[in-house]
Amino acid sequence: MFERGEYIVYGNSGVCQVEDITTMDMKGVPRDRLFYVLAPSGQKGGKIFTPVENGKTRMRPVLTQEEASRLIDQIPEIEELWIANEKLREAQYKECMKSCDCKEWVKIIKTLYMRKKQRTSQGKKITTTDEKYLHMAESYLYSELEIPLGIPKEKMEEYITERIGKNR
């Protein structure tokens, strides 16, 4: 069970802070059933109410500082996604996003950086779908890394690039 004040990753909502653990006074809800009151980091004033015993949506603690640093150091070795069938591209992106796994988000980012570079060299723009998933994966990853590393989300790409450059 998570504690008040703790940061967690909650399904497709990304990073949230546990604001409270409480019961709900609602018809059809057992009085002893506990709920987390979550505040999504990307939404000012937003609230999510979810059962503590939630088997449907993935919840996990955000990475520790050591795990976040290790992840960044591993980025050069993390493989891009190889999607043979173009029609299945978005389905694969969705699966990676739903996994709530930082390495999967890195795979999307690396894949789409390469794809963007390739398309630009051919005089083409990145597709709307690719743009959407690149932004989403970066947002989820940078929001999570921001907490243990204490680096603002807006400066995360620069930090990661510098750190990888120093380690090469």
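**View 1. Cys 100 follows helix H2 with a positive phi, near 60°.** The model is predicted: local features need pLDDT of at least 70 and side-chain atom pairs count only at pLDDT 80 or more, while totals for chains, interfaces and linings use all residues. Residues are numbered from 1 along each chain as its sequence is written, and side-chain values use heavy atoms, with hydrogens and water left out. Helices (H or I, at least four residues) and strands (E, at least two) are DSSP runs, numbered from the N terminus. Cys 100 is buried, with a relative accessible area of 4%; buried means under 20%, exposed over 50% and partly exposed in between (1.4 Å probe, protein chains only).

View 2. For Cys 96, the nearest cysteine sulfur is that of Cys 100, 12 Å away. The sulfur of Cys 100 is 9.2 Å from the closest cysteine sulfur, in Cys 102, which is too far for a bond. Cys 96 is also buried, with a relative accessible area of 4%.

**View 3. The buried residues of H2 (residues 89-98) are Arg 89, Tyr 93, Cys 96 and Met 97.** Seen down the axis of H2, these residues fall within an arc of 100°, so they line one face of the helix; the arc is that of the directions from the helix axis to the C-beta atoms. Their cover includes helix H3 (102-121) and helix H4 (128-149).

**View 4. The largest nonpolar core has 34 residues.** A nonpolar core is a set of buried Ala, Val, Leu, Ile, Met, Phe, Trp, Tyr and Cys residues joined through side-chain atoms within 4.5 Å. Trp 105, Ile 108, Leu 141, Leu 145 and Ile 160 touch the most other members. Two or more residues come from each of helix H1 (65-74), H2, H3, H4 and helix H5 (156-166), and H4 gives the most, with 8 residues. Leaving aside neighbours within four places in sequence, Ile 160 is in contact (heavy atoms within 4.5 Å) with Ile 72, Ile 75, Tyr 142 and Leu 145.

**View 5. An open sheet of 5 strands has the order S4-S3-S2-S1-S5, with antiparallel pairing.** Two strands pair if DSSP finds at least two bridges between them. Strand S4 (48-51) and strand S5 (59-61) stand at the edges, each with a single partner strand, so one side of each is left without a neighbour in the sheet. Strand S2 (residues 14-23) is joined to strand S3 (residues 34-40) by 7 bridges, and Asp 20 stands opposite Val 37 in S3.

Methods. A disulfide is a pair of cysteine sulfur atoms within 2.5 Å.
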